[in-house]
Amino acid sequence: MKGFIAEFKKFIMRGNVIDLAVGVIIGGAFQAIVNSLVNDIISPVLSLATKGINLADKFIVLTTEEVSFATVEAAKEAGYATLSYGSFITAVINFLIMAFVIFLIVKGINKISDLGKKKEEEEPEEPTTKVCPFCKSEISIDAVKCPHCTSDIPEEETDEEKK
């Protein structure tokens, strides 16, 4: 049993598990912000643009009877099943806003991480080709014979040999 507890403790103390927990907590708080944005700002603007239509009040009562209710709550209180498509549309808007904001955050993080990579990439790369001294064709840096003119390529002196 001690081995199991030690293994669980090791798992919990990993950095990525703690990062995930922090992400879930921040995501929950962020969801409240997005819900407020949709319910308190976007929905009223849409309602104004559509002359008073409130998405949250859009529903269908699932019955064969002729009934009419002003709100979803009233229909549910009367015992009828409802298809609340307005709430679903609001949830889709919430999701799209959340996905867009997460996209922007990830894009920003990738851009910042790319700045560090560009500095590393700016270092000159080792040459992979050289020019044949006889026919002036481009050949592999490791070639000892030119594939174009079949001349033997003399080995170049290294910087240490030149000294």
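Tyr85 is partly exposed, because its relative accessible area of 35% falls between the limits for buried (under 20%) and exposed (over 50%), as judged with a 1.4 Å probe and protein chains only. This is a predicted model, in which local features need pLDDT of at least 70 and side-chain atom pairs count only at pLDDT 80 or more, while totals for chains, interfaces and linings use all residues. Residues are numbered from 1 along each chain as its sequence is written, and side-chain values use heavy atoms, with hydrogens and water left out.

**The nonpolar patch**

Tyr85 sits in helix H4; helices here are DSSP runs of H or I with at least four residues, strands are runs of E with at least two, and both are numbered from the N terminus. Tyr85 also belongs to a nonpolar surface patch, together with Ile60, Leu62, Leu83, Phe88, Ile89, Val92, Phe95 and Leu96. The patch has about 860 Å² of accessible area in total, a value from the Shrake-Rupley method with a 1.4 Å probe, where for residues only the protein chains shown count as cover. To join a patch, a residue needs over 30% relative accessible area and no salt bridge; nonpolar side chains (Val, Leu, Ile, Met, Phe, Trp, Tyr) are linked within 5 Å, and like charges within 9 Å. Which helix gives the most to the nonpolar patch? Helix H4 (residues 85-121) does, with six residues.

Ser87 is in helix H4 too. Its C-alpha atom is separated by 8.3 Å from that of Phe59, 28 residues apart along the chain.

**The largest pocket**

Rolling a probe the size of a water molecule over the atoms shows where empty space is left. The largest pocket has a volume of about 160 Å³. A pocket is an open set of points on a 1 Å grid over the protein atoms alone, with protein on both sides within 12 Å along at least five of seven lines; a 1.4 Å probe is used, and lining residues have an atom within 4 Å of a point. The volume is the space filled by probe spheres set on the points, which are joined across faces, edges and corners.

The lining consists of Gly23, Ile26, Gly27, Phe30, Met98, Ile102, Ile105, Val106 and Ile109. Helix H2 (15-49) and H4 are the elements that give two or more residues to this lining, and H4 gives the most, with five. By class, seven of the lining residues are nonpolar, two are polar and none is charged; Ala, Val, Leu, Ile, Met, Phe, Trp, Tyr, Cys and Pro count as nonpolar, Asp, Glu, Lys and Arg as charged, and the others, Gly among them, as polar.

Lys145 pairs with Asp152, their closest N and O atoms being 2.8 Å apart.

| Residue | Relative accessible area | Class |
|---|---|---|
| Ser87 | 38% | partly exposed |
| Cys135 | 29% | partly exposed |
| Lys136 | 59% | exposed |
| Lys145 | 44% | partly exposed |
| Thr150 | 53% | exposed |
| Asp152 | 54% | exposed |

Notes. Salt bridge = Lys/Arg side-chain N within 4 Å of Asp/Glu carboxyl O.
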